[in-house]
Amino acid sequence: MGELTPDTDKNAGLYRNRSLLIAGLIIAMLFGALEGTIVGTAMPTIVGEFGGLGLMTWLTTAYMLTSTVVVPVAGKLADLIGRRTVYVTGLTIFIVSSALCGMSQNMTELILFRGLQGIGGGIMMPMAMIIIGDMFTGKQRAKWQGVFGALFGLSSVIGPQVGGWIVDAWNWRWVFYINLPVGIIATIFIALALPKHQSKGKVTFDIPGILSMIVGVVSLLLALTFGGVDYPWGSWQILSLFALSVISLLLFVRFESKAEEPILPIRLFKNRTFTVINGIGFLMSVGMFGAIMFVPLFMQGIVGISPSASGTVMTPMMITMIAASMIGGQLVHKIGVRNQMIAGMIVMAAGFFLLTNLGMDTSKLTASSYMVVMGLGMGLVMPLLTLSLQESFPKSELGVVTSSSQFFRQIGGTFGMTILGAVMNHRSTDLLSENLVPMLKQLPAEAQAMTGEMTHLVETNPQQLYSMLLSPETLAKLPEALVQRIGPILKTSLVDSLHSVFWLGLGFIVLGAVLTFFVGKIKLSDRNDRQTEPEAETAQ
């Protein structure tokens, strides 16, 4: 086994240029996180220039696929060949691919380069947390991971605004070009400040494990992304993707159990802390996407505010999450990891329960206050997920366990969007079939063409019907008498469907809260040179 050792003094002497390194980490993380939200604002402009509306979702999907699948690989490589080599490589890929995205001449090129950019982004995201784990003691990590966790929240708040400003002031290509000077500065800072590492002995790469994991995860994510949207869940395309995913992941488990340097060691799942913490992260991500995805839909469709104004409903949640992340980094010293995690999940559950009370007469202020409760709970929990794993494993496995936390949360987010979206569609179809379709059948014969189209949407894509509530232009084209009849039915169905989504999201959060009671006692260390293996902490 290749053992990684720094060529400088251990501990305090290892990172002599901490200020320079932290500056580089902050710059790299902020712009890496911004890329996930800033591009969405430019999509309509890009489609307007290139066409290819049917391919638009791939601009997001390509980045999501590659950034998710590369996370555990990056974490393991960081343990094997060193933080600096992996991080600088990721930054370089991100910078080059950003330039290529900006120079794209058609939608196909842009999608391919977005996939390449996702590889760079997927390497960058866990590396900051891994390096924080290297640099600081357990008690210091809590504070810094709260700060870096807040950067993710900040990117969600300012990303759309920054993207809109860039598109308006220059053009959409600068959404990508802006990464070049910033990325080069971050790369220089990080390359200068990170110490070199030397590998003693032969370094072995788990090629079968890497390939089987990539095929398995990509197949799963594609099935979840396109199932029920582009293809029926029972279609051969989706079933084949699920089958390929199961076969590949079973092969992955077999390869990992025999590999000399596995990408994700199967033995880690025997450790109670590893399994419980990643389970909490997965369940929390599944649930919280119910709020992130569907509250703006409620505000536009029911309250009747504009898309830009509905975005501001999310801002209080993100600001509260940022504040709670930073405060939680200090509070955890006083109340402990387990107690703070329990409190945070209970607060999140309370926030979801409040969302189930959203109704036809809910105001923007009331909805925003519910989101504040959600943000408070999220901010208390999220930084602790990585911190708990880093405190429970030796430095030789810091990269693997840190990247696993992000990996399971990203997978959970994809599951959440799929499961909650499917519940939304299924419940909407039932309600609209019961209430809207009989009314449509009573319309005069001259309206039969429109009636047939609406009935088809009820069965295939009910959310497109709700889009009528979001578009005054569409409503203006319909007879006033018809709008007065279908409008209340659509609104009532939308509210009831969203209640089903929020109740299911609450269920996932409650399951996560239950898991927090199984978190063992995690003591924040005063030393950052733990090199011994912890005893396997198996679930009782």
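**Rings and their surroundings**

Analyst: Let's start with Phe226: at a relative accessibility of 10%, this residue counts as buried. (Buried means under 20% relative accessible area, exposed means over 50%, and partly exposed is in between, using a 1.4 Å probe and protein chains only.) Keep in mind that this is a predicted model, where local features need pLDDT of at least 70 and side-chain atom pairs count only at pLDDT 80 or more, while totals for chains, interfaces and linings use all residues. Residues are numbered from 1 along each chain as its sequence is written, and side-chain values use heavy atoms, with hydrogens and water left out.

So, who pairs with whom? Searching the whole structure turns up twelve aromatic pairs. (Rings of Phe, Tyr and Trp, taking the six-membered ring of Trp, pair if their centres lie within 6.5 Å; planes under 30 degrees apart are stacked, over 60 edge-to-face, and the rest tilted.) Phe226 makes a tilted pair with Trp58, with 5.1 Å from centre to centre and 40 degrees between the planes. This pair links distant parts of the chain, since Trp58 is in helix H2 (residues 56-81) and Phe226 in helix H8 (residues 207-226), 168 residues apart. (Helices are DSSP runs of H or I with at least four residues, strands are E runs of at least two, and both are numbered from the N terminus.) Trp58 has a relative accessible area of 28%, so Trp58 is partly exposed.

Trp233 and Phe242 give you a stacked pair to compare, at 6.3 Å centre to centre and 20 degrees between the planes. Both are partly exposed: Trp233 at 34%, Phe242 at 26%.

Rings can also gather in groups. Phe269, Phe274, Phe393, Phe407 and Phe408 make up one aromatic cluster. While you're on that stretch of sequence, check out Asn271, in the loop between helix H9 (236-258) and helix H10 (272-303). Asn271 is buried because its relative accessibility is 6%, and its side chain reaches the backbone nitrogen of Thr273 at 2.9 Å. That's a polar contact (a pair of N or O atoms within 3.5 Å; within protein, one must be able to donate a hydrogen and the other to accept it, and residues adjacent in sequence count only if both atoms are side-chain atoms).

Now for a salt bridge (a side-chain nitrogen of Lys or Arg within 4 Å of a carboxyl oxygen of Asp or Glu). The side chains of Glu397 and Arg267 form one, 2.1 Å from N to O. Here too distant parts are linked: Glu397 is in the loop between helix H13 (364-392) and helix H14 (398-441), and Arg267 in the loop between H9 and H10, 130 residues apart. Glu397 is buried at 8%, whereas Arg267 is partly exposed at 46%.

Ser493 is buried at 2%, and its side chain reaches the backbone oxygen of Ile489 at 2.9 Å.
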